[in-house]
Amino acid sequence: METSPFILDGGLATELEASGFQLQGDPLWSARILHTNPQAIKDVHFRFLKSGSDVITTATYQASIEGFVKYLGVRPEEAQQMIISGVQLAKETIREFMSHSPISEDRREPVVAGSVGPYGAFLHDGSEYTGAYEDKMTMEELKDWHRPQIQCLVKAGADLVAMETIPGLKEAEALVEVLREFPEAKAWLSFSCKDFQNISSGRRFSEAVQVACRSSQLVAVGVNCCPAPLVEPLLESAKSHKKADLSWVVYPNSGEGWDPKTGWKIEKRTSFAKLSLDWKEQGALWIGGCCRVGPADITELKQQHDII
């Protein structure tokens with residue numbers, strides 16, 4: 001029987017904003033809601049589960065010890081507990097969902113992916129989409145930055161670590177090295193990309209895939225937070241560099257434009273449910289959505305991949 005892909009969730013922040021939360025301009029973005037309204041995060045997780053998501057991603061993309069201490073005035077131990085709580089909220093929501101909705105034969109038991117964003121997300125200056133900070137940092141500095149967050153997510157029992165929207169090769173290498181310190185952990189590594197062949201820093205996506213192939217702990221490598229039409233040529237450009245036992249992970253945004261000052265431009269959206277069938281043919285086993293992708297989009301995606 002053909003294996004259907006794992007369906008990821010969509011944009012957590014998008015759903016929080018739709019519920020009335022003001023996240024634009026906040027240096028902690030959706031991670032602040034871990035502190036102010038954890039139930040709202042559970043509500044979003046639940047909506048994605050109802051839509052068919054097999055993977056729930058934690059609200060920790062922009063969470064860091066330093067960021068929570070700086071912007072919330074908490075102690076480092078409290079900041080660690082807040083990152084851990086991101087996993088706990090996702091696990092609680094899955095348990096509650098399962099108790100109301102027994103798993104059918106065609107539905108997997110959902111898993112939790114602990115989100116780790118790039119260092120540039122903490123800088124809050126748009127550099128998460130360029131990787132410009134990499135040149136000013138050593139490999140050890142990048143590893144030291146990411147280690148506490150990954151440690152918290154693994155300790156909390158995340159099924160996977162989602163190292164996502166990574167703009168450059170040095171940071172990717174640092175993440176893969178930190179992951180080795182937690183040998184039981186599994187992860188995926190996903191890059192932000194600027195065009196049909198290159199990640200955001202300007203290096204080839206094929207080079208990024210080669211970095212991923214050096215790790216035995218990754219279940220997938222791929223792209224996220226890019227327009228859907230870029231996905232197929234990006235995967236094609238790097239297919240000869242991917243190990244056979246490594247899947248693609250793909251979760252683009254809605255195709256709307258982004259302005260760092262004003263936020264998302266509300267314009268024509270691109271449904272990628274049909275495109276995702278091509279990605280599956282290319283070997284994508286993990287497929288979902290990123291910014292501006294909501295539960296209805298995930299329902300449409302799930303329906304495309306339901307095996308009759």
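At what angle do the axes of helix 3 and helix 5 cross, and within what distance do they come? Hello everyone, let's start there. The axes of helix 3 (residues 38-51) and helix 5 cross at roughly 50° and come within 9 Å. Axes here are lines fitted to C-alpha atoms, for helices over the stretch in contact, with angles from 0 to 180 degrees between N-to-C directions. Helices are DSSP runs of H or I with at least four residues, numbered from the N terminus.

A quick note on the source: this is a predicted model, where local features need pLDDT of at least 70 and side-chain atom pairs count only at pLDDT 80 or more, while totals for chains, interfaces and linings use all residues. Residues are numbered from 1 along each chain as its sequence is written, and side-chain values use heavy atoms, leaving out hydrogens and water.

Back to our pair. On the helix 3 side, the contact residues include Ile-41, Phe-46 and Leu-49, and on the helix 5 side they include Leu-89, Ile-94 and Phe-97. Contact means heavy atoms within 4.5 Å.

Helix 5 has another partner. Helix 5 (residues 76-100) packs with helix 7 (residues 139-155) at an angle of about 45°, and their axes are 8 Å apart. That makes helix 5 oblique to helix 7 too. Gln-80, Ile-83, Ile-84 and Val-87 of helix 5 meet Gln-149, Cys-152, Leu-153 and Lys-155 of helix 7.

Now please look at helix 4, residues 65-72. Which of its residues are buried? They are Ile-65, Gly-67, Phe-68 and Leu-72, where buried means under 20% relative accessible area, exposed over 50% and partly exposed in between, with a 1.4 Å probe and protein chains only. These residues sit on the same side of helix 4, because they cover an arc of only 165° around the axis; the arc is that of the directions from the helix axis to the C-beta atoms. Their cover includes helix 2 (33-36), helix 5, helix 6 (119-123) and helix 7. Just after helix 4, Gly-73 has a positive phi of about 70°.

Last stop: Glu-128, in the loop between helix 6 and helix 7. Glu-128 counts as buried because its relative accessibility is 10%. Beyond neighbours within four places in sequence, Glu-128 is in contact with residues including Tyr-61, Tyr-133, Thr-165 and Ser-192.

Conventions: Helices (H or I, at least four residues) and strands (E, at least two) are DSSP runs, numbered from the N terminus. Angles under 35 degrees count as roughly parallel, over 145 as roughly antiparallel, 65 to 115 as roughly perpendicular and the rest as oblique.
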